Amino acid sequence: MIKIIVLAFILAGFISCGYTPSSKFARESLGKKISTSVVISAYDPQNTVIMKDAVDTAITKEFHATIVDKSQSDTHLILKMSQPTYTAIVYNQNGFVTTYRMVIELNIEKTYAGISKTYTKKGTYDFDIVPNSIVSDSQRYDAIGFSVTKAIRAFIAQISAEGAR
């Protein structure tokens, strides 16, 4: 009986405090149907494909929105990724690099209800390598995917904050 009363007070607290999930604000700022276009990088087209997949996945998971054709969308996002940069951040006792940081910058142009706005977000990802070796393609692809996801999450946070105002 006491558990039911405590649970009722907890539920009443959540209901009365006015809590609203940030994804609701993001959906209000973007709508439920989103289309994306990616500007293909001439110097690194493989990374552009990885970015497109990561962006679409983040939009469906984070916004709980549907990816649709541009003609059916409430919001259209045009994404352009800067060239990824790798920075050595950890060395072993012999002076060999053991950890790199991948940094990418996303330029996102959002068009919603005929109004365009541009955002620039950075995403980073730290990853280990075997000392005295090179970064493999799979490590590079994973690092780009995680970095793009972080940049998209930063974009989502900003969109949610704008929607809450």
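Phe9 is placed in helix H1, which covers residues 2-17; helices here are DSSP runs of H or I with at least four residues, strands are runs of E with at least two, and both are numbered from the N terminus. The structure is a predicted model, in which local features need pLDDT of at least 70, side-chain atom pairs count only at pLDDT 80 or more, and totals for chains, interfaces and linings use all residues. Residues are numbered from 1 along each chain as its sequence is written, and side-chain values use heavy atoms, with hydrogens and water left out.

Phe9 counts as exposed because its relative accessibility is 63%, where exposed means over 50% relative accessible area, buried under 20% and partly exposed in between, with a 1.4 Å probe and protein chains only. Together with Met1, Ile4 and Ile5, Phe9 forms a nonpolar patch on the surface, with about 520 Å² of accessible area in total. Such a patch is made of residues with over 30% relative accessible area and no salt bridge, with nonpolar side chains (Val, Leu, Ile, Met, Phe, Trp, Tyr) joined within 5 Å and like charges within 9 Å. The areas come from the Shrake-Rupley method with a 1.4 Å probe, and for residues only the protein chains shown count as cover.

## Salt bridges

The structure holds three salt bridges, each being a side-chain nitrogen of Lys or Arg within 4 Å of a carboxyl oxygen of Asp or Glu. In helix H3 (residues 45-63), Asp56 and Lys52 lie four residues apart, about one turn of the helix, and their side chains meet at 3.4 Å, N to O. Asp56 counts as buried, at 18% relative accessibility, whereas Lys52, at 24%, counts as partly exposed.

Asp126 forms a salt bridge with Arg101, and their closest N and O atoms are 2.7 Å apart. Asp126 belongs to strand S6 (residues 115-128) and Arg101 to strand S5 (residues 97-112), so this pair ties together parts that are 25 residues apart in sequence. In helix H4 (residues 137-164), Arg140 and Asp137 are three residues apart, separated by about one helical turn, and their side chains meet in a salt bridge at 3.8 Å, N to O. Arg140 is buried, with 15% relative accessibility, while Asp137 is partly exposed, with 47%.

## Strand S3 and its partners

Strand S3 (residues 75-81) is mostly covered, since five of its seven residues are buried. Strand S1 (residues 33-38) pairs with S3 in the parallel sense over five bridges, pairing being assigned if DSSP finds at least two bridges between two strands. Within S3, Thr75 stands opposite Ile34. S3 also pairs with S5, in the antiparallel sense and over seven bridges, and there Lys80 stands opposite Asn107 in S5.

## The nonpolar core

The largest nonpolar core has 31 residues, of which Met51, Phe63, Leu79, Leu106, Ile108, Val148 and Ile152 touch the most other members; a core is a set of buried Ala, Val, Leu, Ile, Met, Phe, Trp, Tyr and Cys residues joined through side-chain atoms within 4.5 Å. S1, H3, S3, S5, S6 and H4 each supply at least two residues of this core, and H4 gives the most, with eight residues.

Leaving aside neighbours within four places in sequence, Leu79 has contacts (heavy atoms within 4.5 Å) with residues including Thr36, Val38, Met51, Val55, Leu106, Ile108 and Ile152.
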